[in-house]
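Please study the sequence and the structure before reading each solution.

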Amino acid sequence: MAQIIAGAWSFASNNGFGAVVFTSYGCYWMSYAATLIPGFGIAEALSKVSADVRGQSWGIFNLAWTLQTFIFLLASSRSNWGTVVLLACLLLTYVLSTIGHWTQSEGVMHASGYVGLVTAIVAWYNVATDMLTKETFYCKLPNPAIGLRNGPALETPGHRVHGLDAHSAAHHLDGRTPGNNYDFVATMPKHTVVANTIAADSQLVDTISFDKNV
């Protein structure tokens, strides 16, 4: 439930990627909980079938989330390394869990659990990079941006960005930390005009202007 609430807040703050990811995994935990709550009848139904059928059922359930996580991983390829590593570890966790359930392999299930533990550690690190900033802590933990954010200039249809420092622009354009700004340019209105040094951090953002020739 907490992840669904986090997804709602991400949506409200114009973070489409975070909204989809948090809400989706919140629904995952709720659906998993439903299999354990007697009132839903799922656990009772699974107890009446063979171990092979039960394993295949859990395998199909995990396979669906494996595919979903793979899509999220592709969508994160221009965000930051912390998010990419997190989703890559989570994808491997789901892959091993799917195989382990389907084949009824105790060793593969154990491996899935160990990778899941690593995934949790990476997730905690990502939280730390967002919370421990120069304003709240003595230093900023590294979480380098990748993809479009590393370029000195970024151009998309309807936009021209000059002298854009990725981390600072992500932070100052919408007031959120860089780790959460997966789509800070993509969600800007096409005719947005922001003139001359919009950041309090003066050396970083020059001009974002609409290209009339596009």
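**Exercise 1.** Determine whether Y32 is buried, partly exposed or exposed.

*Solution.* Y32 has 30% relative accessibility. Buried means under 20% relative accessible area, exposed over 50%, and partly exposed in between (1.4 Å probe, protein chains only). Y32 therefore counts as partly exposed.

The model is predicted: local features need pLDDT of at least 70, side-chain atom pairs count only at pLDDT 80 or more, and totals for chains, interfaces and linings use all residues. Residues are numbered from 1 along each chain as its sequence is written, and side-chain values use heavy atoms, with hydrogens and water left out.

**Exercise 2.** Classify the aromatic pair that W29 and Y32 form.

*Solution.* Rings of Phe, Tyr and Trp (its six-membered ring) pair if their centres lie within 6.5 Å; planes under 30 degrees apart are stacked, over 60 edge-to-face, and the rest tilted. For W29 and Y32 the centres are 6.4 Å apart and the planes form 90 degrees, so the pair is edge-to-face.

**Exercise 3.** Describe the pair of Y25 and F72.

*Solution.* This pair is edge-to-face, with 5.7 Å centre to centre and 75 degrees between the planes. Y25 belongs to helix α2 and F72 to helix α4, 47 residues apart, so the pair links distant parts of the chain. Both Y25 and F72 are buried.

Terms used. Helices (H or I, at least four residues) and strands (E, at least two) are DSSP runs, numbered from the N terminus.
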